[in-house]
Amino acid sequence: MRDLFRRADIDTAELDARILAQVAFGMDRLTLVNRERDKPGPEQLKALETLAARRLKGEPVSRIVGEKDFWGLSFRLNDATLVPRPETEMLVQRGLEIVGPLDHPRILDLGTGTGCIPIAMLTEFSDMSAVAVDLSRDALDMARFNATRHGVSDRFETRQGSWFDPVAPGERFDLIVSNPPYIESAVIETLMVEVREHDPRLALDGGPDGLRPYRAIAREAAAHLRREGVVLLEIGTGQGSDVTDIFAEMGFKSIELEYDLAGHERMVVAKIEPAS
């Protein structure tokens with residue numbers, strides 16, 4: 001299977017083959033290594049062939065397995081959720097730095113998907129609570145499952161709706177965080193098959209210019225921030241100046257652009273109050 005994946009130009013051929021073999025044979029990594037010379041049964045081989053065929057058609061391993069690790073935690077996926085990406089861990093790290101000094105911080109995650117961002121943060125601080133919003137009921141079901149799985153469901157509330165629609169007037173948070181859809185509508189069909197055919201379109205499509213979600217968030221965020229509250233957003237490469245302009249137009253006085261380890265624009269950090 002590894003060799004098949006290599007011939008198909010799958011960059012992670014060896015890793016993908018090992019993970020799918022673990023699933024097909026019902027073994028963890030160590031057991032698979034220790035029993036590598038054992039002869040598999042016909043049912044195991046059939047299962048392996050089926051999994052390999054799905055991968056060769058472009059389905060990501062995480063979709064096949066139904067789970068993805070993020071922040072050292074395993075998150076269950078469904079068709080309504082994006083696969084958590086390693087670069088999104090930057091939002092968790094930055095968010096923890098922002099709310100860490102606060103007592104009983106309250107966070108709002110817009111477009112929560114699997115719930116990976118707020119759930120990861122909740123596992124780090126026992127006095128934190130989170131509200132997670134998503135347009136998809138199926139995504140919220142999965143987010144609640146993941147919250148229960150990681151023991152934070154008592155501090156994790158889900159609400160269905162678009163952006164701030166399910167948030168009460170005057171309801172305020174120390175941190176508003178989001179990894180919104182930011183891909184231009186016309187670009188989606190040019191993406192890798194793993195993304196365009198297997199990720200939910202709702203979680204990808206940011207409108208004609210990819211900026212529609214940022215405008216929606218910027219319009220209402222200030223009304224839902226506590227004093228010195230912060231908006232923390234993941235952005236796509238090349239969107240930094242546009243997103244900072246959007247928030248400046250909405251009256252935000254302190255707006256910072258932050259980069260990932262590869263040097264790509266990755267986050268915008270915005271506050272109504274000027275930086276001290």
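Throughout these legends, contact means heavy atoms within 4.5 Å. The model shown is predicted, so local features need pLDDT of at least 70 and side-chain atom pairs count only at pLDDT 80 or more, while totals for chains, interfaces and linings use all residues. Residues are numbered from 1 along each chain as its sequence is written, and side-chain values use heavy atoms, with hydrogens and water left out.

**View 1. R212 in helix α10.**
Let us start with R212, which is found in helix α10 (residues 212-221). Helices (H or I, at least four residues) and strands (E, at least two) are DSSP runs, numbered from the N terminus. Leaving aside neighbours within four places in sequence, R212 is in contact with D205, G206 and G207. P180 is 32 residues from R212 in sequence, and their C-alpha atoms are 9.5 Å apart in space. R212 has a relative accessible area of 48%, so this residue is partly exposed. Here buried means under 20% relative accessible area, exposed over 50%, and partly exposed in between (1.4 Å probe, protein chains only).

**View 2. The open sheet.**
Seven strands make up an open sheet with mixed pairing, in the order β5-β4-β3-β6-β7-β9-β8. Two strands pair if DSSP finds at least two bridges between them. At the edges are β5 (156-160) and β8 (254-259), each pairing on one side only. From one strand to the next, the twist averages 15°. Look for strand β3 (residues 106-110) and strand β6 (residues 173-178), which pair in the parallel sense over four bridges. Within this pairing, L108 has I176 in β6 as its bridge partner.

**View 3. Helix α6 across the sheet.**
Helix α6 (residues 89-99) lies across β3, β6, β7 (225-234), β8 and β9 (265-271). The helix runs at about 165° to β7; axes are lines fitted to C-alpha atoms, for helices over the stretch in contact, and angles run from 0 to 180 degrees between N-to-C directions. A salt bridge joins the side chains of E256 and R94, with an N to O distance of 3.8 Å. This pair links distant parts of the chain, with E256 in strand β8 and R94 in helix α6, 162 residues apart. R94 is buried at 18% relative accessible area, whereas E256 is partly exposed at 35%. A salt bridge is a side-chain nitrogen of Lys or Arg within 4 Å of a carboxyl oxygen of Asp or Glu, and by this rule the count comes to 25.

R266 and D260 form a salt bridge, their closest N and O atoms being 3.1 Å apart. R266 is buried at 8% relative accessibility, and D260 is buried at 13%. Through shared partners, salt bridges join R85, E87, E234, D260 and R266 into one network.

**View 4. S74 and its surroundings.**
S74 is found in strand β2 (residues 73-76) and is buried, with 17% relative accessibility. The side chains of S74 and E67 are joined by a polar contact of 2.8 Å. A polar contact is a pair of N or O atoms within 3.5 Å; within protein, one must be able to donate a hydrogen and the other to accept it, and residues adjacent in sequence count only if both atoms are side-chain atoms. Beyond neighbours within four places in sequence, the contacts of S74 include N146, R149 and H150.
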